[in-house]
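Hello,

Here is the structure I said I would pass on. Please look through it first, then read the notes below.

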Amino acid sequence: MPEKTSTIDEELKTFLHDIDALTLTIPAATVILDRVLSSLIEKHNAAVGRYNDILDQPVESNGGRRLEDYLDMERQKKAISAVKHTINVMPTSLIVSLVSRFDAYLAALIRFLVTAKPNIINQSEKPIKFNQLLDFKTLEDAREYVIEREIENVLRDSHKDQFVWLERNADVPLRKDLPSWKPFIELTERRNLFVHTDGVISSQYLKVCSEEQCTLEEDAKLGRKLGASPKYCNDVRDCLYEIATKLTHVIWRKHKKDNISVELADRTLTNIIMGLLENERFKLAQCLLDFAVKCCKFVDDESKRYFVVNRAQAYKWQGDNKTAREILDSEDWSATSDKFRLVSAVLKDEYETACTIMKKIGVNDELPQQAYHVWPVFREFLKTPEFLKTYAAVFSEDFRQGPIKPEQDDIEPLESPLNKPQE
């Protein structure tokens, strides 16, 4: 059997990257298909024009051309119909793909759990036939078979029952204080509709959503066909992003409490949140940061303070300066390192103080020069004359020259797939 080598942080990173990529595909593909559709319509209309021009002419002189134009029109009509259909089914196909990726990730998370807590498998009461045992070379092979079977059995259950299994075996509540639970259940039931009824609402969909008190569309009723609007697709992405991240970190931190594991968990969650802040997905970042400061035990005080300042900026960039200030004022920054004092001053709009701290830090690895270019916390500060003047004084160059010393890979030209020869 193949060896499982991916760690849970790598699995989570891959899953989040995948659902972001899938969600970005729809608007990009739609733009391309709209252009294809416009081109097909132009060709069809041109064929119609040619056909009409020769319609009244004698068949003897233009019969061949008339048939050619007619067949051309029919080909364009079929192509136009196919492209329109593709545009219509892409959003629902996206939802199915997103839930499928979540299921695949859930399998990896279950494997992580049974590895961290071997008794889940050791106490398994599911029998193995003697002739099956003969096929295994080692006890580890037999154990891998039991793990694979357990994962398959869990994934066959409903998504609600999957969470029940995880709560029971991880010995931790997972649905409590989880705002995305109800949207998640509605999403998974809608996915089932797309797969089994072409989106037509069934009694099962209404029953499950009612039991979980899900919010449904206003005119949701038996027999109505559901779709997937651009907003719904983005909401689904964020829902799965939140569910997967929270689920992972609750289980990870429950069953891997050594400092190395906690440090890796802190770093993984920080990188996820920084990506959200850099891409201005502040609401989702805020959601994960609220969860982190409430539910996570950090490896040390410095790690905790990264979450505190990131939480403050997530609120600030959404326009909630009051909450951002309250978050910062709840901590004592006087005994912290200069970089945290700088960030705190910047988020409080105390730019004169921030410039003084910048000069004190100077050219120092504590806060690399590149950080002023890429850290989202400086997004407003770096627009001010005070910052530009201080930066020039500290680094002896103009900030507006751009990022410093980009990686070689960043400046290499990329090859377009359109330039590659067809196989």
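Predicted model: local features only at pLDDT ≥ 70, side-chain atom pairs only at ≥ 80, totals over all residues.

Residues are numbered from 1 along each chain as its sequence is written, and side-chain values use heavy atoms, with hydrogens and water left out.

The protein has 17 helices and 0 strands (DSSP runs, numbered from the N terminus: H or I of at least four residues for helices, E of at least two for strands). Of its 423 residues, 44% are buried (under 20% relative accessible area; exposed is over 50%, partly exposed in between, with a 1.4 Å probe and protein chains only).

Two packed helices are described by the angle between their axes and the distance between the axes. For H11 (residues 282-295) and H12 (residues 301-316), the axes come within 9 Å and cross at roughly 145 degrees (axes are lines fitted to C-alpha atoms over the stretch in contact; angles run from 0 to 180 degrees between N-to-C directions). Residues that make the contact (heavy atoms within 4.5 Å) include Phe282 and Ala285 of H11 and Phe307 and Tyr315 of H12.

Glycine 275 lies in helix H10 (residues 259-278). Glycine 275 counts as partly exposed because its relative accessibility is 22%. From glycine 275 to alanine 285 is 10 residues in sequence and 8.9 Å in space, C-alpha to C-alpha.

Regards
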